[in-house]
Amino acid sequence: MEKRPLRSVPDPAELGSRAIDNLRFIRETMERASSFTAVPGWGGAVMGVSALTAAGISTKAKSADEWLGIWLAEAFLAVAIGAWTITAKARRFGIPLFAGPARRFLLTLSPPLAAGALTTLALQRAGQTALLPGIWLLLYGTAVVAGGAFSVRIVPVMGIGFMLLGAICLFCPPSWGTAFLAAGFGVLQIVFGVLIARRYGG
Amino acid sequence: MARSLAEKSHAPKPGAAGPPARKALPDLDRVIHERVRLAIVSTLAVNEKLSFNELKGLLGTTDGNLSVHARKLEEAGYLACAKSFEGRLPKTEYRLTAEGKRAFEKYVAHLAALVGRGRIR
């Protein structure tokens with residue numbers, strides 16, 4: 001290396017390792033620019049705890065409407081926790097929320113959730129609230145799988161977990177519904193929330 | 001005099017900014033090769049268009065740094081920049097031109113070829 005004249009071609013092995021380094025930089029930059037990383041870990045865990053609480057309270061409900069009221073309140077609470085913790089995490093990492101991957105994540109997350117809200121209203125009017133737990137889990141899972149396409153890999157995996165749980169729930173006795181909700185929105189959400197928090201910075 | 005001395009004793013080329021490990025890749029597109037510009041192009045390769053602030057947020061760079069390097073890319077014809085107003089605030093939006101996309105693909109292909117030639121591991 002020392003004696004080499006100025007215009008010589010550098011050592012190919014060295015060149016290759018620099019090229020690898022550069023390719024890695026490009027790949028990482030593209031990944032960062034195309035996946036939404038501010039998914040709330042601890043926020044998800046808190047949502048899970050609130051869902052377990054709601055499950056506990058809802059077992060004492062005296063009517064189907066009262067049961068539904070408790071879960072709707074829990075849904076609003078969970079959305080508020082989610083929105084707040086996503087915003088906080090995005091701000092902490094300096095990630096824009098309404099551009100690029102974050103925007104795509106939120107836009108794909110929303111339609112299945114809107115479908116869930118509408119289905120809830122229709123089933124309540126038809127007096128079919130026993131079907132709700134399975135449908136909620138299935139549609140929430142769909143939303144997370146879809147949105148997760150623009151996020152870190154663990155997110156769509158979590159969504160698949162919810163979809164499976166929802167699918168099983170739809171074909172189980174209606175009286176198991178609350179237990180399924182506790183298992184999904186409670187336990188599953190907490191487990192993945194903690195995993196995300198540990199691996200992806202909160 | 002100083003020049004001939006440098007030629008004799010230093011194999012790694014003197015001058016030129018940037019850490020030494022990043023020099024001496026031959027014939028690579030110099031406009032794209034610089035780190036900040038490479039990051040801008042890589043980011044816009046996966047986002048159709050981004051405003052100045054969005055790009056700044058994604059890259060975690062400063063205003064000055066971003067505008068200097070974005071201008072270099074613009075001058076090379078790799079970046080298209082549209083200026084508009086959002087209310088009273090000026091808004092600058094960037095996107096890659098067709099030429100910019102081609103240049104990026106060529107640059108990546110070039111690196112891949114170098115990796116092949118080096119036969120690393």
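The model is predicted, so local features need pLDDT of at least 70 and side-chain atom pairs count only at pLDDT 80 or more, while totals for chains, interfaces and linings use all residues. Residues are numbered from 1 along each chain as its sequence is written, chains are lettered from A and ligands numbered from 1 in the order in which they are written, and side-chain values use heavy atoms, with hydrogens and water left out.

Chain A has seven helices and zero strands, where helices (H or I, at least four residues) and strands (E, at least two) are DSSP runs numbered from the N terminus. Of its 202 residues, 45% count as buried, meaning under 20% relative accessible area with a 1.4 Å probe and protein chains only.

The largest pocket holds about 1,100 Å³ of space; a pocket is an open set of points on a 1 Å grid over the protein atoms alone, where a 1.4 Å probe fits, with protein on both sides within 12 Å along at least five of seven lines, and lining residues have an atom within 4 Å of a point. Among the elements that give two or more residues to its lining are helix H3 (64-93) and helix H4 (100-125) of chain A. The lining has 36 residues, with A:Ala75 and A:Tyr140 among those nearest the pocket centre, and divides as follows.

In chain B, an open sheet of three strands has the order S1-S3-S2 with antiparallel pairing, and two strands pair if DSSP finds at least two bridges between them. Strands S1 (50-51) and S2 (79-86) of chain B stand at the edges with a single partner strand each, so one side of each is left without a neighbour in the sheet. B:Leu50 has B:Tyr94 in S3(B) as its bridge partner.

Notes:
Buried < 20%, exposed > 50% of the residue type's maximum accessible area, 1.4 Å probe, protein only. Points joined across faces, edges and corners; volume = space filled by probe spheres on them.
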